[in-house]
Amino acid sequence: MTLFTSQSAAMFYDKLFSSLDFTLPRAATGRRGFPKEAMVCAFIVMKCEGFTQITDLMDYLDNNRLIAHYCGFNIMEPLPSYWTYDRCLRQLNSGALKSIMANLVRKLYELGVVDASFVGLDSTPVMANTKQNNPKSFAKSKFSKENE
C-alpha cells in the first residue's frame, strides 16, 4: 500500500469503492451467487495488492474481512471459492471491465492518487510467423540484412 497513500488499506478501499459507480447484468435464472460488482472489486484488490494468484487474494480477503466487506461481500457468510473467482474471470465481459477500469483511473486521478505527469508504453516486439523468423526454414536469403 505504500504506492498509493499513507492511509490505511481499509480507508483506501472504502474511499475507492464508494466512489465507483457500476452495475453488471445478472443472470436471469439459477442460484443468486455472489454479486458481480463485489467480484470485480475483489479483482481490483488483487491488482492493488500485487497478487498474481487467486489463492493469494482468497487468503488476503479471508484475513481482512473489513476489506471483503468494502468489496461488497457478506462477511457473515463464506467468501467465494477459487472456482467462483475463476468462473467469474472467464465469464466477465472485457468491454465492461475496460469501462470500469477507465472510470477507476478517472476517480483515482480526481482523488489525487494518480497523476498524469508521465505516459508508459510497452515496446515488446511481436515476431510474425514468417520463414525469416523460423530457425527451421530453408529460405535462401534468411540471414540477409535486407529482410530486417
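Contact here means heavy atoms within 4.5 Å.

Some ground rules. This is a predicted model, where local features need pLDDT of at least 70, side-chain atom pairs count only at pLDDT 80 or more, and totals for chains, interfaces and linings use all residues. Residues are numbered from 1 along each chain as its sequence is written, and side-chain values use heavy atoms, with hydrogens and water left out.

First, the overall picture. The protein has six helices and zero strands. Helices are DSSP runs of H or I with at least four residues, strands are runs of E with at least two, and both are numbered from the N terminus. The pattern along the sequence reads α-α-α-α-α-α. Of the 148 residues, 29% are buried. Buried means under 20% relative accessible area; exposed is over 50%, and partly exposed lies in between, with a 1.4 Å probe and protein chains only. Now take contacts between residues at least 6 apart in sequence: 53% of them join residues at least 24 apart.

Let's go to helix α3, residues 54-63. Which of its residues are buried? Ile54, Leu57, Tyr60 and Leu61. They sit on the same side of α3, because they cover an arc of only 120° around the axis. That arc is taken from the directions from the helix axis to the C-beta atoms. What covers these buried residues? The cover includes α1 (9-19), α2 (36-49), α4 (65-71) and α5 (82-91).

Now zoom in on isoleucine 54. Isoleucine 54 is found in helix α3. Its relative accessibility is 9%, so it counts as buried. What does isoleucine 54 touch, leaving aside neighbours within four places in sequence? Met46, Tyr82, Tyr85, Asp86 and Leu89. Take aspartate 86. It is 32 residues from isoleucine 54 in sequence, yet the C-alpha to C-alpha distance is 7.9 Å.

On to helix pairs. Two packed helices are described by the angle between their axes and the distance between the axes. Axes here are lines fitted to C-alpha atoms, for helices over the stretch in contact, and angles run from 0 to 180 degrees between N-to-C directions.

Start with α3 and α5. Their axes are 10 Å apart, and the packing angle is about 125°. The two helices are therefore oblique to each other. As for the cut-offs, under 35 degrees is roughly parallel, over 145 roughly antiparallel, 65 to 115 roughly perpendicular, and the rest oblique. The crossing of α3 and α5 is right-handed. Who meets whom? From α3, it is Ile54, Thr55, Leu57, Met58 and Leu61; from α5, it is Tyr82, Tyr85, Asp86 and Leu89. By class, that contact has seven nonpolar residues, one polar and one charged. For the classes, Ala, Val, Leu, Ile, Met, Phe, Trp, Tyr, Cys and Pro are nonpolar, Asp, Glu, Lys and Arg are charged, and the others, Gly among them, are polar.

Next, α2 and α3. Their axes come within 10 Å and cross at roughly 100°. That makes α2 roughly perpendicular to α3. On the α2 side we have Ala42, Phe43, Val45, Met46 and Glu49, and on the α3 side Ile54, Leu57, Tyr60 and Leu61. That contact divides into eight nonpolar residues, no polar and one charged.

Now α1. Its buried residues are Ala9, Ala10, Phe12, Tyr13, Leu16, Phe17 and Ser19. They pack against α2, α3, α4 and α6.

So how do α1 and α6 cross? Helix α6 spans residues 94-111, and its axis comes within 10 Å of the α1 axis, crossing at roughly 125°. That makes α1 oblique to α6. The crossing is right-handed. In α1, Phe12, Lys15, Leu16 and Ser19 meet Leu104, Lys107, Leu108 and Leu111 in α6. The classes there are five nonpolar, one polar and two charged.

Last stop, threonine 84, which lies in helix α5. Buried or exposed? Threonine 84 counts as buried, because its relative accessibility is 17%. Beyond neighbours within four places in sequence, threonine 84 is in contact with Phe34 and Met39. Methionine 39 is 45 residues away from threonine 84 in sequence, and 9.1 Å away in space, C-alpha to C-alpha.

Note on methods: A crossing is left-handed if the near helix is turned anticlockwise from the far one by less than a right angle, and right-handed if clockwise.
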